[in-house]
Amino acid sequence: MYVVESKGGAIACMLLSLFFLGTWPAILAMLERRGRLPQHTYLDYSITNFLAAVLIALTFGQIGSSTPEQPNFLTQLSQDNWPCVLFAMAGGVVLSIGNLATQYAWPFVGLAVVEVVTSSITVVIGTTFNYFLDDKINKAEILFPGVACFLIAVCLGSAVHSSNAADNKVKLESMPTDHVDGEKPSNASLIPSEAGLNDVEGGNGPAHSAKAGTAKYLVQLENRRSIKVFGKNTFIGLGITFFAGLCFSLFSPAFNLATNDQWHTLKKGVPHLVVYTAFFYFSLSGTVVAVILNIIFIYRPALGSQKTSFRAYVIDWNGRGWALLAGVLCGFGNGLQFMGGQAAGYAAADAVQALPLVSTFWGILLMGEYRKSSRRTYSLLFSMLFMFILAVAILMASSGHRK
């Protein structure tokens, strides 16, 4: 099998993983804003996410000869390593649930803020666990200042969200007064009607006429998107975000235990799970959970999203290519993160949790987030992105080398 042995190779894996893991959330968020049902999107995403793991296992996991200490992927499938397999599968379950939860948080809180908060929780909890599980191979004097920088970026991210929300409120209040009663529209009054929704989704409404960042654009976005947020409590989204962050903080330590067996659960003479075998079981369990939950959500939708059917999912090709691409990016992003972590330590590999840096870029470029915002919002946004860059550099500098 192919093993990343150098620090430079590990950092290269983490940088590429950072780009992939920061891009796929933007694709799924874009599809939701275009009106595609999250149940349909996540099922498509889950299929290619698993296929990416299988491809990685059958290629990188089969390169070279198999040895007793480092067996190839297919060789290890028949070995008695179930305690570590269960750790890998547990990691896959919590990651899948966390990813599914973020899909319902993005409409309420926004892509950039959701990714910032969930990543910060992952770094603070997950990186601390990994530091001790890895027998402190990372330089603590560098690692934990990096974690502190991440926390500062989180605070700045929260300030960005608060400032941008205030900007949007001003935009909506500045809309022309209602011709009937002369009152300005509130969030609750801007909830689209059934007829208006059908017009927009059918291409008859002015879905693309407003410029990004304007009040008219915000209203049209609400008409178009699949999860309606006007008139709903924002704390719903924040609660989902914190739940997702807790799930994310557990998957990397679980994978660490699966590949390194720090708790000595394997029988004497049984080799540790190689990263490719662990990643296969990790992705398999995550896919099974995702399929089960989303089939349930098809018939019992969450947060007031539209009820659908399995037949409707099968024939829904609108945006399917993008959803399949997102699954490929996430699959390869996770695989690269674990390959780099095996060489440099999973605490350093958690530097990819700076993925909001990438997600924010795509959010601005693809979805017009923060367009026509105030100077204060732009200043906070720049400060947040700068702090993320600094955090990534420091966490990568802390990487050691596993013996």
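Which residues in H2 meet which residues in H10? The answer comes under the second heading, after a word on the model.

## Basis

This is a predicted model: local features need pLDDT of at least 70, side-chain atom pairs count only at pLDDT 80 or more, and totals for chains, interfaces and linings use all residues. Residues are numbered from 1 along each chain as its sequence is written, and side-chain values use heavy atoms, with hydrogens and water left out.

## Helix H2 against helix H10

Helices are DSSP runs (H or I, at least four residues), numbered from the N terminus. Helix H2 covers residues 38-59. Helix H10 covers 275-299. Their axes come within 9 Å and cross at roughly 165°. Axes here are lines fitted to C-alpha atoms over the stretch in contact, with angles from 0 to 180 degrees between N-to-C directions. H2 is therefore roughly antiparallel to H10 (an angle over 145 degrees). The crossing is left-handed (the near helix is turned anticlockwise from the far one by less than a right angle).

Contact means heavy atoms within 4.5 Å. From H2 come Pro-38, Gln-39, Tyr-42, Leu-43, Ser-46, Phe-50, Ala-53, Val-54, Ile-56 and Ala-57. They meet Tyr-276, Phe-279, Phe-280, Ser-283, Leu-284, Thr-287, Ala-290, Val-291, Asn-294, Phe-297 and Ile-298 in H10. By class, this contact has 16 nonpolar, five polar and no charged residues. Ala, Val, Leu, Ile, Met, Phe, Trp, Tyr, Cys and Pro count as nonpolar, Asp, Glu, Lys and Arg as charged, and the others, Gly among them, as polar.

## Salt bridges

A salt bridge puts a side-chain nitrogen of Lys or Arg within 4 Å of a carboxyl oxygen of Asp or Glu. The count is five. One of them joins Glu-32 and Arg-225, with the closest N and O atoms 2.9 Å apart. This pair links distant parts of the chain, 193 residues apart. Glu-32 lies in helix H1 (residues 7-33), and Arg-225 in the loop between helix H8 (215-224) and helix H9 (234-260).

Asp-80 pairs with Lys-267 at 3.1 Å between the closest N and O atoms. Here the partners are 187 residues apart, and both sit in loops. Arg-36 bridges to Asp-44, with closest N and O atoms 2.9 Å apart. Shared partners join Arg-36, Asp-44, Asp-316 and Arg-320 into one network.

## Burial of the partners

Buried means under 20% relative accessible area, exposed over 50%, partly exposed in between (1.4 Å probe, protein chains only). Glu-32 is buried at 4%, and Arg-225 is buried at 7%. Arg-36 is buried at 4%, and Asp-44 at 2%. Asp-80 is partly exposed at 38%, whereas Lys-267 is exposed at 56%.

Terms used: Helix = DSSP H or I, 4+ residues; strand = E, 2+ residues; numbered from the N terminus. Parallel < 35°, antiparallel > 145°, perpendicular 65-115°, else oblique.
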